[in-house]
Amino acid sequence: MTDTTFDILVIGSGPGGYVTAIRAAQLGFKTAIVEREHLGGICLNWGCIPSKALLRSAEILKHGRGAAEFGLRSGTPEPDLPRIVTRSRTVSKQLNGGVDYLLAKNNIAIIWGEAAIESAPGAGYGEVTVRPPSHSPRQPQHAPPKGVLAAGRYRAKHIIIATGAQPRVLPGLTPDGKRIWTYCEAMVPPELPRSVIVVGSGAIGVEFASIYRTLGANVTLIEALHQILPMEDAEIAQIARRQFQKQGMNILTGVKVVGAEAASTDEVCLTIETLAGDRSTLKAERLISAVGVVANTSGLGLSDLSVALEDGPGYIKVDNVGRTNVPGIYAIGDVAGPPMLAHKAEHQGVICVEAIKGLPVSPLDNAKIPSCIFCHPQIASVGITEAQARKSETEILVGRFPFRANGKAIAIGETEGLVKTVFDANTKRLLGAQLIGGEVTELIGTFAMALEMNATVDNFRHTVFPHPTLSEAIFESALSADMAALHL
C-alpha cells in the first residue's frame with residue numbers, strides 16, 4: 001500500500017488506537033495507524049497484560065505455599081525470577097503479534113514513526129508529518145513488523161489522536177532506571193530486590209506492591225492521602241489495607257515525598273514528611289514511582305492548531321464522542337483524560353468512528369466504566385460509592401455480603417472479601433457496586449451491565465445465579481440492600 005491519503009488516520013496503536021482503526025476499517029473507511037514504538041502500546045507491552053502475567057506467577061506461588069491447607073504435600077516453591085519475567089515478556093510478544101495480524105487482516109496501513117499534525121482537516125484533508133522514531137523500542141522483540149509505510153507526509157479526512165499517557169514524575173523523584181523505577185523497569189527486574197518502596201497506592205502501585213511482596217521482598221507502600229486506593233470506596237480500601245498488612249506490607253499514609261537520593265551503590269534513601277511537618281527517611285534497594293500518568297500530547301503540534309487542553313491536567317478536551325474543538329481532529333483514551341483505562345479507550349474509540357460514520361451512538365458515560373485492580377485480594381468497582389451517593393443527598397440502600405458466607409469462597413479458601421451494592425432507596429435502581437476478594441474482577445461485568453440496563457433490586461432478586469459460585473454474592477448483596485439476604 002503506497003497511497004498517502006486516507007479517510008481516517010489514527011495516531012497511536014494502544015488498545016484505544018488499534019481498536020478504533022479496526023472499527024473504522026469495518027465501517028468502510030480507508031484507514032492508517034501511526035506507531036512510534038510497539039503495536040499494542042503500553043497496555044500490551046508494559047502495562048495491563050505483562051503485569052497480569054507477573055501477578056499470575058505471584059498468585060500461583062502464593063497458592064503453592066498454602067498447599068498444605070488443601071491437604072497437599074509438596075516442597076515449598078520458590079520464585080525463579082528470570083523465568084517469571086521471560087514468561088511475562090512472551091505473553092506480551094504474543095499479543096503484540098496479534099495486533100499486527102488484526103491490522104493486516106483489516107487492511108489497515110501501519111506507518112512507523114512519530115506523528116505531528118501540520119494542518120487540520122476542516123472540510124477537506126488534514127496533513128500529518130511522520131518522522132522516524134527518536135528512540136528504539138525497549139526490547140528488540142518489539143521491532144516494527146514488516147511491510148509498514150515509511151516516514152513522510154500523509155493526508156486524512158479525520159485524524160484521531162490515541163497517544164496514551166506516560167508515567168508522571170514527582171519533583172525530587174526522577175526515575176533513573178537503576179534504583180528509582182517506573183512500571184517499565186519494575187516489569188523486568190534483573191534480580192529480586194530484598195526491599196522495595198512503592199510511592200503511590202493507586203492501581204499500579206498496589207499491583208506492584210502485591211507482586212514484590214508475594215515474591216519475597218520487604219515492601220513499604222506510601223500514599224500522600226490518608227486512604228490507600230484513594231479512588232475506591234473507603235470501606236473497601238480499609239479491608240484492602242488490613243489484608244496487605246496481614247501479608248507483611250508496611251503502609252504509610254498521609255505522608256509527602258520530599259525527595260530521593262542514592263544512599264549507596266545499591267540503595268535509595270527516600271525523605272518523607274508528615275502533615276505536621278515531621279521528616280524521616282526510608283531506605284530500600286529499589287523504589288517504584290507509581291504516582292499516576294500524564295497525557296502524551298507533546299510533539300503533536302496541538303498548540304499551533306489551537307487544540308484545547310484541560311487546564312492543569314493537560315489532556316485534550318473532547319465532547320462525548322471524542323471531538324475536539326478543531327473540526328476533523330479527535331482524541332480518545334488516556335490522552336483525552338480519565339478514567340485512564342484500556343477498556344474505556346476501546347469503547348470511546350468505537351463511539352468516535354461510529355459518530356464519524358453518522359451512526360446513532362450512545363455517548364460514553366464515565367460513571368458506568370468499571371475499574372479493576374489485580375492485587376491480592378482483587379478489587380473492582382463501577383458506578384458511585386456510598387460516600388458519593390450521600391454527598392448528593394440521595395436516599396440510598398446499601399447492601400453488603402461477605403465472602404465468608406459464600407460456599408464457593410469457603411471451598412476455594414478465598415473468604416476475605418465483600419460485595420457492596422448501592423441502590424436508590426426510592427427507585428430501587430442500582431447506583432454502584434464495590435467488591436474486594438477472589439476473582440472479583442470477573443464479577444464486576446455483571447454490575448456494569450446492570451447499571452447500563454438501569455437494573456433494580458427486583459431484577460437481581462428475580463435472576464437465578466448458579467450455585468456454588470462466587471457470583472451468588474452479587475445476588476445476596478442486592479438482597480441485603482432490601483433487608484432480604486438469605487445467608488446472613
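Thr220 lies in strand E10. The model is predicted. Strand E10 spans residues 218-223, and five of those six residues are buried, so the strand is largely enclosed by the rest of the structure. E10 belongs to an open sheet of five strands, ordered E8-E15-E9-E10-E11 with parallel pairing.

**Thr220**

- Thr220 has a relative accessible area of 14%. That value is under the 20% cut-off, so Thr220 counts as buried.
- Across the strand pairing, Thr220 stands opposite Asn250 in E11.

**The sheet around E10**

- The edge strands are E8 (180-181) and E11, each pairing on one side only.
- E9 (residues 195-199) runs parallel to E10, and five bridges join the two.
- Within that pairing, Val198 stands opposite Leu221 of E10.
- E11 (residues 250-253) also runs parallel to E10, joined by four bridges.
- Ile222 has Leu252 as its bridge partner in E11.

**Crossovers**

- E9, helix H6 (residues 203-215) and E10 form a β-α-β unit, and this unit is right-handed.
- From E10 the chain crosses through helix H7 (residues 234-246) to E11, again as a right-handed β-α-β crossover.

**Helix H3 against H6**

- Helix H3 (residues 48-65) packs on H6 at an angle of about 40°, and their axes are 9 Å apart. H3 is therefore oblique to H6.
- The crossing of H3 and H6 is left-handed.
- On the H3 side, the residues that meet H6 are Ser51, Lys52, Leu54, Leu55, Ala58, Leu61, Lys62 and Arg65.
- On the H6 side, Glu207, Ser210, Ile211, Thr214 and Leu215 meet H3.

**Helix H1 against H8**

- The axes of helix H1 (residues 15-26) and helix H8 (residues 342-357) come within 8 Å. They cross at roughly 30°.
- Angles under 35 degrees count as roughly parallel, so H1 and H8 are roughly parallel to each other.
- H1 and H8 cross in a right-handed sense.
- H1 contributes Pro15, Gly16, Val19, Thr20, Arg23 and Ala24 to the contact with H8.
- H8 meets H1 through Ala342, Ala345, Glu346, Gly349, Val350, Val353 and Glu354.

**Asn296**

- Asn296 sits in the loop between strand E16 (293-295) and strand E17 (329-331).
- Asn296 is buried, with a relative accessible area of 13%.
- Not counting residues up to four places away in sequence, Asn296 touches Thr163, Gly164, Ala165, Gln166 and Val335.
- Asp334 is 38 residues from Asn296 along the chain, and their C-alpha atoms are separated by 8.3 Å.

Note on methods:
Residues are numbered from 1 along each chain as its sequence is written. This is a predicted model: local features need pLDDT of at least 70, side-chain atom pairs count only at pLDDT 80 or more; totals for chains, interfaces and linings use all residues. Side-chain values use heavy atoms; hydrogens and water are left out. Buried means under 20% relative accessible area, exposed over 50%, partly exposed in between (1.4 Å probe, protein chains only). Two strands pair if DSSP finds at least two bridges between them. A crossover is right-handed if, with the strands pointing away from the viewer, the path from the first strand over the helix to the second runs clockwise. Axes are lines fitted to C-alpha atoms, for helices over the stretch in contact, and angles run from 0 to 180 degrees between N-to-C directions. Angles under 35 degrees count as roughly parallel, over 145 as roughly antiparallel, 65 to 115 as roughly perpendicular and the rest as oblique. A crossing is left-handed if the near helix is turned anticlockwise from the far one by less than a right angle, and right-handed if clockwise. Contact means heavy atoms within 4.5 Å.
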